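Welcome! Take a moment to look over the structure below, and then we will walk through it together.

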2 protein chains.
Amino acid sequence: MTGPPTQPTRAPAIVLVEPQLGENVGFAARAMANCGLTDLRLVRPREPWPNPRARETASGADAVIDGARVFDSTAEAAADLHRLYATTARPRDQVKPVLTPPAAAAELRAATARGEASGVLFGPERTGLDNDDVARADALIVAPLDPAFRSLNLGQAVLLVAWEWWQAAAETPAEALPLGDSRPANREELEGFFDHLFAELDAAGFLRVVEKRPIMVRNLRNLFLRAQLTEKEVRALRGVVKALSRGRGGGTKGTGDRLVDE
Amino acid sequence: MTGPPTQPTRAPAIVLVEPQLGENVGFAARAMANCGLTDLRLVRPREPWPNPRARETASGADAVIDGARVFDSTAEAAADLHRLYATTARPRDQVKPVLTPPAAAAELRAATARGEASGVLFGPERTGLDNDDVARADALIVAPLDPAFRSLNLGQAVLLVAWEWWQAAAETPAEALPLGDSRPANREELEGFFDHLFAELDAAGFLRVVEKRPIMVRNLRNLFLRAQLTEKEVRALRGVVKALSRGRGGGTKGTGDRLVDE
């Protein structure tokens, strides 16, 4: 539909100025949905809207496609926004702040926190934003890509900005180790395994060079400790040691024990 | 070509396992070129390789397309790599570290710094990596996207990892203000402008309420200082003040001065 914006959502609007291909609008919509953005605005799209190819490449981001609004001018599309950013491949000859995507994301989050509506302009695939649309913006967003190959697909450009916006509020720990239905092994369990292992290795003659034994023991301990073993894995390892030593021809601890985690 | 990897480049390899569509391979190649990656490896691509549609969507990233190598198995594709990461939409039921893309990028950079070859596995568009390929990896990379819409296009997934890898070494300042052929105004130039402005405003009677004058002066100073004016802009502003006061009916400083930046 064409018309004045309704009450804006506070998450940033993505404004595609004269997008050439419906499929790129769809890729942009999908990237938006990945990153919690919903407000898609199209200024004079080259292909008619609604566009079946856009829906196809949106790959299920139907809410974004269905909610997209079409405008006759960038000014109308941005009328209700308080903060406006323009994405360009390189800084233009305008005295205007140039932000990296993460820096822009921080500003967008701050604007949202203040209750301000913000938006990001993306130009046509072939040419990018014209200088007049760039001049409308408070600041530029330029992704510092490889200078040898700066040409970013429209959907990819939207993803970079949307991803940084999404990530700026992320609470996901940078690294996590999911333990399934187990829990980290405690020191008693670990030491029980080490005692078992070294006893079998001693019995097998593996640690027989006396002066080298402490180093070997230390190295083996470190290797297993780095793995941050779960309780379940410790039981499995003890089963392994037991099975191997049994295979040696009877073992030292009897046979027939159940293998853990079988 | 099919065959053992040659001497690896140390920037991470991108390994696409059974990619279904040539166009997605092209999008991935383009994203790689944007972010300084060149080593593309394909495991059993569904469409024949070379693939014209891939070259098309690569949009000029020909070096990546031309250098792509095809393998019969993930094991062969990864044989020369020291560190291997698997991208998945969500953590799998395996006790394996789960990293965000930026955390993985930091590890990839560290591996590169140690001279180790690393690679990142991406699964087929529809199904993602199977559990056996996931099990090959040292760690998972999971982008914490909107839980309501996690489905990431293959090219987009490659971009996220490539972008974070590229960005992890970025030296681009988060914010910059390009000044064109000018330079920041110095304090003398700024004060000269303020003196000029306030003199004209006094003459025009704008600052006549004595008790309010200091606040008004302070507010105007702050407004202009926030703009981080260049020397050229200060001259332009003085021209504006001069022109406006002249328009008031002759002004206080004579007429006919040249407008700066005309």
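Phe193(A) and Phe194(A) are both buried, where buried means under 20% relative accessible area, exposed over 50% and partly exposed in between (1.4 Å probe, protein chains only). Their rings form a tilted aromatic pair, 5.5 Å centre to centre with 45° between the planes. Here, rings of Phe, Tyr and Trp (its six-membered ring) pair if their centres lie within 6.5 Å; planes under 30 degrees apart count as stacked, over 60 as edge-to-face and the rest as tilted. In chain B, Phe193(B) and Phe194(B) also form a tilted pair, at 5.5 Å centre to centre and 40° between the planes. Phe193(B) is buried at a relative accessible area of 1%, and Phe194(B) counts as buried at 1% too.

Back in chain A, Phe193(A), Phe194(A), Phe198(A) and Phe224(A) make up one aromatic cluster. Over all chains, the count of aromatic pairs comes to nine.

This is a predicted model, in which local features need pLDDT of at least 70 and side-chain atom pairs count only at pLDDT 80 or more, while totals for chains, interfaces and linings use all residues. Residues are numbered from 1 along each chain as its sequence is written, chains are lettered from A and ligands numbered from 1 in the order in which they are written, and side-chain values use heavy atoms, leaving out hydrogens and water.

Now for how the chains relate.
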